[in-house]
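Hi everyone, and thanks for making time this morning. I'd like to walk you through a structure that may be new to you, so please have a look at it while I talk.

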Amino acid sequence: MSKECGKRRVVITGGGIVSALGNDWAQAEKSLRACKNFTRFMPDWEKKWPLMNTRLCCPVDFSFDAGKYERRKIRGMGRIAQMALVATDNALIDAGFPKESLSDGRTGIAYGSSMGSVDPLMDFYTMLVTFETSKIGATTYIRAMPQTAAANLEVYYGLKGRIYTTNTACTSGSQAIGYSYEAIKFGMQDVMIAGGAEEFCPIDTAAFDTLFSTSTKNDTPNLTPSPFDKNRDGLVVGEGASTLILEEFEHAKARGAKIYAEIVGFGTTTDGTHITSPNQETISRAIELSLLDAGIPQSEIGYVNAHGTGTTHGDICESQATFAVFNRDVPISSVKSYIGHTLGACGALESFLTVNMMNAKWFHPNLNLTSVDEKCAPLGYITGNGAEIDTEYVMNNNFAFGGVNTSLIFKRM
């Protein structure tokens, strides 16, 4: 096959999720069409952390099955890596990809999260406080390290290709997809396992709570988060994992793989201005770069999946940056209105859902959006029961602490 620079096409042949919406597209679509969110009130937080303002989160309530795996093979995996494993296994099954060929050196991995599992970190903390090391074992650091998902998956599947550990907070999953796309496009790999994961822990909520960015609608969890609404009051933290199997087009075609979509554009920028406050100009630039990479005008994009956290400055900045590029009421909605902010998982989860919605020709609404904030740009905010849209191109955008911006464009095949 030709490896001429930039000429190789990259397609998605499989996907898997662990999410409050469900553990596959059929369940997720049913949940999205039900138009109800998964925000939960946590009654024990009042006693445990009385100074924290919020009592809300979006956990994965159903049991994902990690018990079917050999204990010796997952002993270095905390909850976050186990969720990543379940999502990846399901993605490989969905792709019909022969696992025995994963070790040929032409398959790599890009996987990210904001941090590793928290329980082993607590064991290290206990050591420092009590000077007692009995809780520290051979896998403590492996479960706690930020790259735990990527490293554990690489070993579990015997991968010998490239590895990218995209620990870039809320763009971890989307950067993993983008860098995987580039690795295949430019001939470094034929196949990439790409995704992101995050396990819920109250310290994630506390980090946003100290910035007054969390929702405090503790008495009405069904009404929050509410991205782009004038009465929104902040984000809700969630958890989950998602994996996409990316392949070079001819490679996928040769093995008769089902193709869900082609990745045609990726843009990423850094703000260079502030660690936590988004920058409208560099967000717009990331979107422009993805369009430039795809070689299409903005008019071709039929839907944008927004980062849409439900924070005041974030929603305004993102909407204005999006409108600056599109200059029209492009249809747009945020998955976070259903399952909250899944941090390192959101870029992969939202890409998985966006691709499947494109193929279903139906896109979910923004929940709890009754009156658009007048400071938000005049975009086509989807409400009600969603929107029937037949489009060839869709976009997924994500932005992260550290001033990291990503934009991905998918084409229907």
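Let me begin with a question: is aspartate 190 buried or exposed? Aspartate 190 is buried, with a relative accessible area of 10%. By buried I mean under 20% relative accessible area, while exposed is over 50% and partly exposed is in between, with a 1.4 Å probe and protein chains only.

A quick word on what you are looking at. This is a predicted model, where local features need pLDDT of at least 70, side-chain atom pairs count only at pLDDT 80 or more, and totals for chains, interfaces and linings use all residues. Residues are numbered from 1 along each chain as its sequence is written, and side-chain values use heavy atoms, with hydrogens and water left out.

Back to aspartate 190. Its side chain meets that of arginine 106 in a salt bridge, at 3.1 Å from N to O. Aspartate 190 sits in the loop between helix 8 and strand 6 (191–198), and arginine 106 in the loop between helix 4 and strand 4, so this pair ties together parts that are 84 residues apart in sequence. Helices (H or I, at least four residues) and strands (E, at least two) are DSSP runs, numbered from the N terminus. A salt bridge here is a side-chain nitrogen of Lys or Arg within 4 Å of a carboxyl oxygen of Asp or Glu. Arginine 106 is partly exposed, at a relative accessible area of 23%.

As background, side chains of opposite charge can pair when their charged atoms come close. How many salt bridges does the structure hold? There are 20 salt bridges. Another one joins aspartate 315 and arginine 232, at 2.9 Å from N to O. That pair also links distant parts of the chain, with aspartate 315 in helix 12 and arginine 232 in the loop between helix 9 and strand 7, 83 residues apart. Both aspartate 315 and arginine 232 are buried. There is a network too: salt bridges with shared partners join Arg8, Arg106 and Asp190.

For one more pair, look at lysine 48 and aspartate 44, whose side chains meet in a salt bridge of 3.1 Å, N to O. Lysine 48 counts as exposed at 51% relative accessibility, and aspartate 44 is partly exposed at 33%.

Helix 12 (312–326) and strand 14 (393–400) are the elements that give two or more residues to the lining, and the largest share, four residues, comes from helix 12.

Let's move to some helices. Glycine 178 belongs to helix 8 (residues 172–185) and is buried, with a relative accessible area of 0%. Leaving out residues up to four places away in sequence, glycine 178 touches Phe266 and Leu408; contact means heavy atoms within 4.5 Å. In helix 7 (residues 148–156), the buried residues are Thr148, Ala149, Ala150, Ala151, Asn152 and Leu153. Their cover includes helix 4 (79–95), strand 4 (107–112), helix 6 (140–144) and strand 5 (163–165). Glycine 158 follows helix 7, with a positive phi near 70°.

Finally, the backbone. Most residues other than glycine have a negative phi, and most peptide bonds are trans. Asparagine 327 has a positive phi, near 55°, and lies in the loop between helix 12 and strand 10 (331–333). Asparagine 327 is exposed, at 59% relative accessible area. Asparagine 368 also has a positive phi, near 60°. What kind of peptide bond joins threonine 224 and proline 225? That bond is cis, with omega about 0°. Proline 225 is in the loop between helix 9 (202–209) and strand 7 (240–248).
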